[in-house]
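Reader: I would like a close look at one part of this model, the place where the two chains meet. Please take me through that part slowly, with the cut-offs behind each term.

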Protein chains: 2
Amino acid sequence: MTELEKGPTGRRRGRGARERILSASQQLFREQGINRTGMDQLCAAAQVSKRTAYQHFPGKDELVAEYLRRFDPSVLSGVFDRTDLTPRERLLAAFDIPPTTPLCPYIAAAVELHDPQHPASQHARDYKKAVAARLADTAREAGAADPEQLGEQLALLIDGAATRTRVLNADGFPTAAAIAAVLIDNAIPATASDDRRREEVSS
Amino acid sequence: MTELEKGPTGRRRGRGARERILSASQQLFREQGINRTGMDQLCAAAQVSKRTAYQHFPGKDELVAEYLRRFDPSVLSGVFDRTDLTPRERLLAAFDIPPTTPLCPYIAAAVELHDPQHPASQHARDYKKAVAARLADTAREAGAADPEQLGEQLALLIDGAATRTRVLNADGFPTAAAIAAVLIDNAIPATASDDRRREEVSS
DNA sequence: CGTTAAGTACACCGTCCTGTGTTCTTACGT
DNA sequence: ACGTAAGAACACAGGACGGTGTACTTAACG
C-alpha cells in the first residue's frame, strides 16, 4: 500500500503520491480535525511535495470531499453484508463500535466546515441518508412494521451515540444499543426474537 | 440588557462593553461557528474596540468558554422548571425545539475546538452531564424504574436529533420525540403513569 | 538512447488570524 | 471642576494558512 501499485499492463505511471495523500488525510483529519490540519503538515506527513498535492487536487475542499468518499465501502458494507447474522442481529451490530473511534467523520466534517454548500457537507448528507436507507432495508428484512421509521430511528441513535462519545469522552454506544433493542422489539410485530427462517416477507 | 447595568450603589463603572461582546458572540458563534468568526469581526459587530475586548478576556479561548457559560440558565431551566406540566410532559417537552436552532452550541464547540483540554470542552462535558442529571431527576419524579438510565437515554436522543438536524438539514427532533415516548412508556411501571388526564391518550 | 510525465525542493504571495502598543476621548463619581 | 478609569481608534507584529511559480530530478517505456 505504501509501495507503488504497478497495474497489470496499463498505466503504471506515478509512484503513488495520491494514495499517500489520502492515507495521510485519513490519519490527520481524524486525529486533529480538518481545519486544524494545514496543507503543509499534511504534505509532510504524506512525504509528498506540496506542488504534487495541488496537481492531484484542485484545492483542500476537494481533497476533503475525496477523503470522505473513502469511508463509504468500509463502514457501509462492513456491517450490513454480514450473512452470518440475522437481520435483527445486523441491526444491533451497527452499534458494536470500538470506543476508540474518534467520531463519525461525516459529522465532524459537517460541523467543522459549517457550510451546507461545501461538497463534503453534501456528501455527508448523502452518506447519512444512505445509512438510514440501509438500516431501513435491514429492518424490512427483519419484518419491521414501519421499516423506514425504524431505520431513521436507529440512524439517529448511532449519531447520538457518536456525538456523546465525542463530547463526553465516554462510550455512548451501549446506551444506544439498549434503546435500539427496545425499538426493534417494539417494531417487529410477531416478536419472533430471531427469525432464523429466511422467508422473504413480500409485503 | 443591552444597556449598562448600574448596580445599586457599588460598581457603576463601565459602559457595558463586556455585555455587548458576549451578546455578539452568541449571535456570530452560532451563525458562523467559532473558528470562522474572527476577533476583528466580532469586535466590529459588538461595536467594541479590539483593545477593550482583550482587556475583558485574556484570549479568545476564555471568551468562548464564557460564551458557553451563558447558555446554562436559559436552556436548563427553560424546560425543567415548568410546573404546568406533568413530569412526563416535561420529559417530552425537551424535544420541542424549533428546527431553526442551529445546533447545540456545546456539541459545536467540542467538535470545532477539537481539544478535550480546552476550557470550553470541559464546560461542554459538565453541561451535558447536568442535562442528563436533570432528565434523570424528572424521570425519577415521573416514577421511572431506572431514572438514571432513562435520563441518559433521553440525553442521547436529544444529541442525536441535534446532530442530525445539523448534518442532514432536516429536523430530527420529531423522530427523537417518538423514540422518547416509547422509552418513557416502557420505563414507567405500566399503568402507574402519572397522567392526570387520560382523556385523549389514544386520540 | 531520448522523450515524457510524475514528483521534488523551495521560495514566495496575499490573506486572515490572534494578540499588543500607543495615543486620544469620553463619562462617571467625588 | 477635576481626576480617573473605561473605552475608542489605529497601526502593527508574528504566524499560519491556502495556493502558486520555477527549476530540477527521477522513472517508465518506446
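Author: What follows describes the contact between the chains and then turns to the chains themselves. The model is a predicted one, in which local features need pLDDT of at least 70 and side-chain atom pairs count only at pLDDT 80 or more, while totals for chains, interfaces and linings use all residues. Residues are numbered from 1 along each chain as its sequence is written, and chains are lettered from A and ligands numbered from 1 in the order in which they are written.

Chain A brings 35 residues to the contact, and chain B brings 35 residues. On the side of chain A that touches chain B, at least two residues each come from α7 (105–113), α8 (119–141), α9 (147–168) and α10 (173–187) of chain A; helices (H or I, at least four residues) and strands (E, at least two) are DSSP runs, numbered from the N terminus. The most is given by α9(A), with 12 residues. By residue type, this side of chain A holds 16 nonpolar, 11 polar and eight charged residues, with Ala, Val, Leu, Ile, Met, Phe, Trp, Tyr, Cys and Pro counted as nonpolar, Asp, Glu, Lys and Arg as charged, and the others, Gly among them, as polar.

As for the chain that carries this surface, chain A has 10 helices and zero strands. Of its 203 residues, 40% count as buried, a residue being buried if 20 or more other C-beta atoms lie within 10 Å of its own, exposed if 12 or fewer, and partly exposed in between, with C-beta atoms placed from the backbone. One residue of helix α6 (residues 87–93) of chain A is Arg88(A), which is buried, with 22 other C-beta atoms within 10 Å. Its C-alpha atom is separated by 9.1 Å from that of Gly143(A), 55 residues apart along the chain.

Conventions: Contact = placed C-beta atoms within 7 Å.
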